[in-house]
Amino acid sequence: MLSVETLANDVKLPDYDRTQLRPRILHIGFGAFHRAHQAVCADRLAREQQSDWGYIECEINLQSTSNLVNDLRKQDHLYSVTEMADSGKTSRVIGTLCAAIDARTDGIDAVIEAMSQPEIAIVSMTVTEKGYCHHPATGELNLEHPFIQHDLAHPDAPQSLPGVILAAIRRRRDRGLSPFSVMSCDNMPENGHVTRNVVVQLAQAQDAALADYIRQHLTFPSTMVDRIVPAMTQEALDSLGEKLGCYDPVAVQCEPFFQWVIEDNFVNGRPAWEKAGAELVQDVLPFEEMKLRMLNGSHSFLAYLGYLAGYQHISDCMADEHFLRAAHTLMLAEQAPTLRTQNVDLNAYADSLIARYKNRAIKHRTWQIASDGTQKLPQRWLDSIRWHLAHQSRFDLLALGVAGWIRYVSGVDEQGAAIEINDPLKETLAQLVSESTDGEARITALLSLKKVFGEDLPTNAQFTARVLHFYQQLQQFGAKETVKRVITSY
């Protein structure tokens, strides 16, 4: 376990009085990204501005087998973050975590009760897109989701993120406590609006008066977060242990780059995040779209096509000149024209993304990025494709990306080995694949997913023809050659 006494001399320790921290933010989803992003920002504020804003960490995934919360408790709620660059590594210990709760062992009511403490001013979350129990194509609550069905029947013992938030809101209202702000830090366009939608819609189905209370008294600020944080592996933990001087099971590694854009709309106060590198703005959407389409969109392109080509990491893709050119061209030729961002040098932004992708110290797996595609495609690719169809402009790389996703979720790579599909619609995808022959029938079957592609794209002849064309190219030539052919023709 992490031990302050045995840490290497170059590891930065918290130099502030942790006993002065007040647990004013409760965060749901104790994953690697949060540990390397929002919690780091709080630590900077405590170090540099003597901020007293501390975190309560909550894990509500009842299916998880992670022991992170238990390990964190054993370490006095301390853990390490190591920034990885080709030029070297820099480590620090984060000290702004005050408490941690795991719903599996402590019970979901312990989470709701923690959210109901008077000092809690903000509830934030990083639970990935699928945690919102919504339809990605519309942003509306999926009332047929098993967790939502359970929560409608058992509102005081919820299983879903919207249900847990709603139960805490109800408890605080009944106790006469001040409302909190609900802040999503997940990669979705207008993530605050999505969060508000699913919470209010669930409330409306349970208690119309509570829905009205939420509309009147709570805010749901949107955010844009950006930092490359690979999922931790045992190999990475062991390697970090050598640098740290002790083994830290809660350790994370990340790139040096950090960005956080936050809609300044809070009902019960907030930290001075702007003093730790965050940007507080009135409208986050242009920043969200820029990041989702240029960064996340190119990441997904590299994930599916790169995996099929045999590239394990994003930096491996960057060593292939055709993949590098394809990612850069996708950003500027097919994604940038669709954006509403103003006063931003998109060429420079694209160049900076490519430079970050080349970082060989970061082992960001293509398989990791390829997960949950049914939740990611609408905001990363499909809205851009709709823009191009409306403007009759070229979208070959986006169409190739969709073809690559279909090839990937078919479950067999180019060497005939099985692909482990990680997606909330995994069973549906497997059924559509098994019931269709490889080729045009496969395209038709997977594009029929209205939850992903909506009503319009599956019936658009131009879109389906381009996807089929590139799928056939992938069948005939493989991913490496197909990417080469497409980018050479640009």
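Me: Let's begin with helices α17 and α19: how do they pack?
Reply: First, please keep in mind that this is a predicted model. In it, helix α17 (residues 396-409) packs with helix α19 (residues 440-447) at an angle of about 95°, and their axes are 11 Å apart.

Me: What makes α17 and α19 roughly perpendicular to each other?
Reply: Angles of 65 to 115 degrees count as roughly perpendicular. The angle here is about 95°, so α17 and α19 are roughly perpendicular to each other.

Me: Which residues meet there, and how do you know that they are in contact?
Reply: Contact means heavy atoms within 4.5 Å. On that basis, Val402, Trp405, Ile406 and Val409 in α17 meet Arg442, Ile443, Leu446 and Leu447 in α19. Sorted by class, this contact of α17 with α19 has 7 nonpolar, no polar and 1 charged residues. Arg counts as charged, and Arg442 is among the α19 residues that take part.

Me: In which sense does α13 pass α22, and which residues make the contact?
Reply: The crossing of α13 with α22 is left-handed. From α13 come His322, Phe323, Arg325, Ala326 and Thr329, and from α22 come Ala479, Lys480, Val483, Lys484, Ile487 and Thr488. By class, the contact has 5 nonpolar, 3 polar and 3 charged residues.

Me: Now the sheets: what is the strand order in the sheet of 5 strands?
Reply: The order is β5-β2-β1-β6-β7, in an open sheet with parallel pairing.

Me: What makes β5 and β7 the edge strands?
Reply: Strands β5 (97-102) and β7 (181-184) each pair on one side only.

Me: How do you know that β1 and β2 pair?
Reply: Two strands pair if there are at least two bridges between them. Strand β1 (residues 22-28) and strand β2 (residues 53-59) are joined by 6 bridges and run parallel, so they count as paired. Within this arrangement, Ile28 stands opposite Cys58 in β2.

Me: Which strands of this sheet does α2 touch?
Reply: Helix α2 packs on the sheet and touches β1, β2 and β5, its direction making about 160° with that of β2. Helix α5 (residues 108-115) lies across β1, β2, β5 and β6 (122-125), at about 135° to β1.

Me: What about the sheet of 3 strands?
Reply: This open sheet has the order β4-β3-β9 and mixed pairing. Its edge strands are β4 (88-94) and β9 (252-254). Strand β3 (residues 79-85) pairs with β9 in the parallel sense over 3 bridges, and Glu83 stands opposite Cys254 in β9. Helix α2 (residues 38-49) packs on this sheet, touching β3 and β4.

Me: Where does UniProt place the domains?
Reply: The UniProt record lists "domain: Mannitol dehydrogenase N-terminal" (unreviewed entry) at residues 24-275. Over residues 24-275 the chain is 38% helix and 21% strand. The record also places "domain: Mannitol dehydrogenase C-terminal" (unreviewed entry) at residues 283-474, where the chain is 67% helix and 0% strand.

Terms used
Residues are numbered from 1 along each chain as its sequence is written. This is a predicted model: local features need pLDDT of at least 70, side-chain atom pairs count only at pLDDT 80 or more; totals for chains, interfaces and linings use all residues. Side-chain values use heavy atoms; hydrogens and water are left out. A crossing is left-handed if the near helix is turned anticlockwise from the far one by less than a right angle, and right-handed if clockwise. Helices (H or I, at least four residues) and strands (E, at least two) are DSSP runs, numbered from the N terminus. UniProt positions are given in the numbering used here, feature names are shortened, and annotations may be inferred rather than shown by experiment. Axes are lines fitted to C-alpha atoms, for helices over the stretch in contact, and angles run from 0 to 180 degrees between N-to-C directions. Angles under 35 degrees count as roughly parallel, over 145 as roughly antiparallel, 65 to 115 as roughly perpendicular and the rest as oblique.
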